[in-house]
Amino acid sequence: MTHPIYAIPDVHGQDALLEAALTLIEAEGGPDAEIVFLGDLVDRGPDSRAVIDRVMRAQAAGRNWTVLRGNHDQMFVDFIERGEIHPPRLRPDLSWLHPRLGGDVTLASYGVACSEADLNLEAARAAVPAEHIEWLANLPLTHLVGDLLFVHAGIRPRIPLERQDPDDLMWIRDGFLDHEAPYPWLLVHGHTALDMPTHFGNRIDLDGGAGRGRALWPAVFEGRDCWLLSETGRIRLVPPR
């Protein structure tokens with residue numbers, strides 16, 4: 001039997017949903033299950049600090065967890081390090097602190113009130129543990145295991161993996177979501193929220209919209225075969241015919 005690899009998509013500060021997802025994984029794969037987090041641990045949900053604490057503690061305790069960096073994680077880092085709230089890939093009418101993005105809720109989880117009108121940067125820097133920012137800033141952008149390439153947002157088609165733009169790996173949609181040809185691997189990603197995780201043949205989007213009030217779906221891979229985990233068992237994800 002192929003060694004199973006579990007994946008958790010965009011958590012977006014939903015610590016209770018994360019706990020439930022981890023419980024499902026441990027019930028099936030045990031405490032030593034290999035898990036890949038697809039990034040975007042923070043923003044929108046109320047418990048970003050708790051999510052980071054939980055995942056950091058588990059890694060430090062030796063859990064076999066790989067955590068990728070998403071664009072929301074990067075925006076959090078950029079704010080604390082440089083006071084940046086308008087990353088180039090974001091729509092010009094939005095900022096990281098806009099309620100639609102949810103950076104204000106992330107800072108609230110650290111006890112800091114912050115808005116576009118009042119950045120309150122020094123208070124944020126004092127409240128957010130330096131180790132949280134250092135950990136997020138050093139998370140990898142891809143994780144390759146056999147025929148599976150895990151990434152937060154996607155890749156630029158026809159560009160070798162080692163030449164991919166880091167911003168594309170965290171932000172890309174145009175040019176990736178509409179690409180139907182096979183890749184050298186099955187891509188597993190989040191970033192683009194759907195009503196349900198979906199297999200597109202050359203890629204699987206696992207982001208079921210936990211950051212938008214929907215479910216957080218953990219998945220398990222055996223080779224290129226994928227199932228979602230639920231309270232009632234596995235749900236097979238299959239590509240379109």
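These legends describe close-up views of a predicted model.

View 1. Five strands form an open sheet in the order β4-β5-β6-β8-β7, with mixed pairing. Strands β4 and β7 (198-199) stand at the edges. Each has a single partner strand, so one side of each is left without a neighbour in the sheet. Strands of a sheet pair through backbone hydrogen bonds, either parallel or antiparallel.

View 2. Strand β4 covers residues 142-145 and runs antiparallel to β5. Four bridges join the two strands. Thr 142 of the pair stands opposite Val 151 in β5. The hairpin has two residues between its strands. In this hairpin, Gly 146 takes a positive phi near 60 degrees.

**View 3. Side chains along strand β5.** Strand β5 spans residues 148-151. Leu 148 and Phe 150 point one way. Leu 149 and Val 151 point the other way. All four of these residues are buried.

View 4. Strand β6 (residues 186-189) pairs with β5 in the parallel sense, over three bridges. Two facing positions can be picked out along the pair. Leu 148 stands opposite Leu 186 in β6. Phe 150 stands opposite Val 188 in β6.

View 5. His 152 sits in the loop between β5 and α7. Its relative accessibility is 0%, so His 152 counts as buried; the cut-off for that class is under 20%. The His 152 side chain makes a polar contact with the side chain of Asp 40, at 3.2 Å. The side chain of His 152 also makes a polar contact with the Asn 71 side chain, at 3.0 Å.

**View 6. Packing of helices α1 and α2.** Two packed helices are described by the angle between their axes and the distance between the axes. Helix α1 (residues 15-29) packs on helix α2 (residues 48-60) at an angle of about 30 degrees. Their axes lie 9 Å apart. That angle makes α1 roughly parallel to α2, because angles under 35 degrees count as roughly parallel. From α1, the residues Asp 15, Leu 18, Glu 19 and Leu 22 take part in the contact. They meet Ala 50, Val 51, Arg 54 and Val 55 in α2.

Terms used. Residues numbered from 1 in each chain as written. Predicted model: local features only at pLDDT ≥ 70, side-chain atom pairs only at ≥ 80, totals over all residues. Heavy atoms only, no water. Buried < 20%, exposed > 50% of the residue type's maximum accessible area, 1.4 Å probe, protein only. Pairing = 2+ DSSP bridges. Polar contact = N/O pair within 3.5 Å; in protein donor to acceptor, adjacent residues only side chain to side chain. Axes fitted to C-alpha atoms, helices over the stretch in contact; angles between N-to-C directions. Parallel < 35°, antiparallel > 145°, perpendicular 65-115°, else oblique. Contact = heavy atoms within 4.5 Å.
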